[in-house]
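Reader: Could you take me through this structure, one piece at a time? I will ask as we go.

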Amino acid sequence: MTQQPISPAVSRRGFLRAVGLSGGAGAMFATMGALGLAPTAAAAAPAYRAPTPADFHLTGRGRASVVILGGGIAGLATAYELGKAGYDCTVLEARDIVGGRNFTVRGGTTQTDLDGNTQKSRFGEGVYLNAGPGRLAQWMVTLDYCRELGVPIEVFTNANADALIFNESAGMTAPVRYRAAKADVFGYVSELLAKATNQGALDAALTAADKDRLTTFLRSFGSLGSTLGYTGGSRRGFASYPGAGTDEGTPLGAPPALSDVFASNVGRYFSFELGYDQAMLMFQPVGGMDQIPKALAKAVGHHRIKVGAEVTDVTDTGSGVAVTYRQGKATRVLRADYCVATLPPHLMARIPHNLGTPVTAALSEFGVTAAGKIGLEYQRRWWEEDDRIYGGITETDLDLQHIWYPSYGFHGRRGLVVGYYNTGAAARTYSALPHAEREARALAQGVKIHGEKYRSELVSSWSQAWDRTRYLEGAWTSPRYTSPGYQLLLQPAGRVYFAGDWLSHEVAWQHGAFVSARSVVTALHQRVLTA
Ligand SMILES: Cc1cc2nc3c(=O)[nH]c(=O)nc-3n(C[C@H](O)[C@H](O)[C@H](O)COP(=O)(O)OP(=O)(O)OC[C@H]3O[C@@H](n4cnc5c(N)ncnc54)[C@H](O)[C@@H]3O)c2cc1C
Ligand SMILES: NC(=O)C[C@H](N)C(=O)O
């Protein structure tokens, strides 16, 4: 595919065009008209309803003690909600910090993995890596907890027309901007469909009026000419953006041939930003994702949370629970009326208990996905200065998979790029390497996209291999929703309840952990009130 320059100069007019404002409201209504959506038709649309119940309160006071295994989001949310209703909660967390997979790395963070390798972060002041969760959709209950707990949020840029696409296996030797790639794919697809429509290929499916409306829509959607051909245009962007006086700018030029555009396979990334869970606007807590568990822990009360406390046995005594845990050199037993276990299922399955073999079998059913991230700290924000990329994601077919540019600290001195965020086999390829080799591999690949500065301007790095992380051993799990095992774990095993994102339909999202916790808290409270 033709190489396109990626760092043209920007002007205000170019910006307005880029954000779709240059045509004003008239252009918007013209597009609505093309779609058959006259402003009056919109009035007939179903009334909007908020998607999820937001705030949560248990009614009535509960007088019981509860031991909560795991201080991730599900464990902390359980302690928080039960605590609000009067319960006496204690959280046992094996790591030396709360948050679980919600883990933010800053300067000074240290971690020893399952292989005994220790990293110590040298990130500078204000630089951080959200090694686990990074983004929140607006409908997620996670945002309600941010509001309730006073955790400020800011926009997380999940899609950016100025970010890049690089498909090495398709023969690309340089990246293309999303903007140009979208213009070309939308343009050619529209051209084909418009011409097929015009030639009668869709006559069986479309009335004459439908054909007119569809053609009008495709003209605008694909930026087609009067003969329904796609020939590029300003939508692709400029090599030099328009300037003062007589400077009309230098457009990127004609698009590659239709066949080359499809062969480049850039279109495979466009559906991502349409996902109900990945669509813009998305959000992140200001200062790092771990502001959420920090705020939860503060609200629960630090005296109720034991860190460095590894649970080693769970026994339902009939009249209560006895949980054995190791803290430092000591082994202790904590007794309570009830227990809520929020450890990852594959780890809970290994802990001795008397809850029955069907419970162990059900816990063992979950498949575990690997994922990894590397944070690359640079001495200057070259992606903003040189490449004009302010946040967002570059997509690749390399095993680094995704590069994330930061949605915080714009125009600051230093900054951090997520140099890979990969899952599955690609993640395991990296997790099998020591940190220095992960870094070297990530840099060798990133150089193909951003050039030698990607290597030469690096200051420090941190890599997180979730499958090699103690007390987690995976990024997320795959529930078998219809299996009797999954159904079994939705019920308490005697006095022991289970919670976590793995017991929700939003696995790999904190939302799942929160709603699972709410569900268990509700069931437990009901039982206590009616006992
Ligand atoms: C790479 C990655 C990206 C993600 N991206 C997003 C995102 O963008 N947005 C989003 O909302 N979510 C995201 N998630 C998912 C999110 O992190 C999880 O859904 C959520 O944090 C799960 O919380 P949890 O409490 O259910 O589980 P966990 O966080 O797994 O908590 C379990 C806790 O149990 C502890 N534990 C384990 N063994 C023991 C033991 N023996 N004794 C005591 N304690 C023990 C663990 O240390 C841990 O703290 C991502 C996750 C990963 C890994
Ligand atoms: N792909 C996923 O959904 C995992 C995680 N929730 C993320 O947004 O990165």
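Reader: How do strands S16 and S17 pair, and over how many bridges?

Author: In this predicted model, S16 (residues 321-327) pairs with S17 in the antiparallel sense, over 7 bridges. Within that pairing, Thr 324 stands opposite Val 333 of S17.

Reader: What is the order of strands in the sheet they belong to?

Author: The order is S15-S16-S17, an open sheet of 3 strands with antiparallel pairing. Strand S15 (309-316) and strand S17 (330-336) are at the edges with a single partner strand each, so one side of each has no neighbour in the sheet. Neighbouring strands here are turned by 25° against each other on average, direction ignored.

Reader: Which strands form the parallel sheet?

Author: That one is an open sheet of 5 strands, in the order S14-S2-S1-S18-S26. Strand S14 (305-307) and strand S26 (496-498) are its edge strands, each pairing on one side only. Its twist averages 20° from one strand to the next.

Reader: How many bridges link S1 and S18?

Author: Strand S1 (residues 65-69) and strand S18 (residues 338-341) pair in the parallel sense over 4 bridges. The bridge partner of Val 66 in S18 is Tyr 338.

Reader: Which strands does helix H4 lie across?

Author: Helix H4 (residues 73-84) lies across S1, S2 and S18, and runs at about 170° to S2.

Reader: Turning to annotation, where does UniProt place the "binding site" feature?

Author: The unreviewed UniProt entry places it at Glu 93, Ala 94, Gly 132, Pro 133, Gly 134, Arg 135 and Val 311. These positions span 219 residues in sequence, and the farthest two C-alpha atoms are 30.3 Å apart, so they do not all gather at one spot.

Reader: Is Ala 94 buried or exposed?

Author: Ala 94 is buried, because 23 other C-beta atoms lie within 10 Å, and the cut-off for buried is 20 or more. Ala 94 lies in the loop between strand S2 (88-93) and strand S3 (104-105). Not counting residues up to four places away in sequence, Ala 94 touches Ala 309, Glu 310 and Tyr 471.

Reader: And what does Arg 135 contact?

Author: Leaving aside neighbours within four places in sequence, Arg 135 is in contact with Phe 156, Asn 158, Met 282 and Gln 284. Arg 135 is found in the loop between strand S6 (129-130) and strand S7 (136-137). With 21 C-beta neighbours inside 10 Å, Arg 135 also counts as buried.

Reader: Which residues does the domain annotation cover?

Author: UniProt, again in an unreviewed entry, gives "domain: Amine oxidase" for residues 73-523. That span is 30% helix and 24% strand, and its end C-alpha atoms lie 18 Å apart.

Reader: Now helix H13: which of its residues are buried?

Author: In H13 (residues 424-431), the buried residues are Ala 427, Tyr 430 and Ser 431. They cover an arc of only 95° around the axis, and therefore lie on the same side of H13. An α-helix has 3.6 residues a turn, so residues three or four places apart point the same way.

Reader: What covers those residues?

Author: The cover includes strand S20 (371-378), strand S23 (415-423), helix H14 (435-450) and strand S24 (458-465).

Terms used: Residues numbered from 1 in each chain as written. Chains lettered and ligands numbered in written order. Predicted model: local features only at pLDDT ≥ 70, side-chain atom pairs only at ≥ 80, totals over all residues. Buried ≥ 20, exposed ≤ 12 C-beta atoms within 10 Å, placed from the backbone. Helix = DSSP H or I, 4+ residues; strand = E, 2+ residues; numbered from the N terminus. Arc of directions from axis to C-beta. Contact = placed C-beta atoms within 7 Å. Pairing = 2+ DSSP bridges. Axes fitted to C-alpha atoms, helices over the stretch in contact; angles between N-to-C directions. UniProt positions renumbered as here; feature names shortened; annotations may be inferred.
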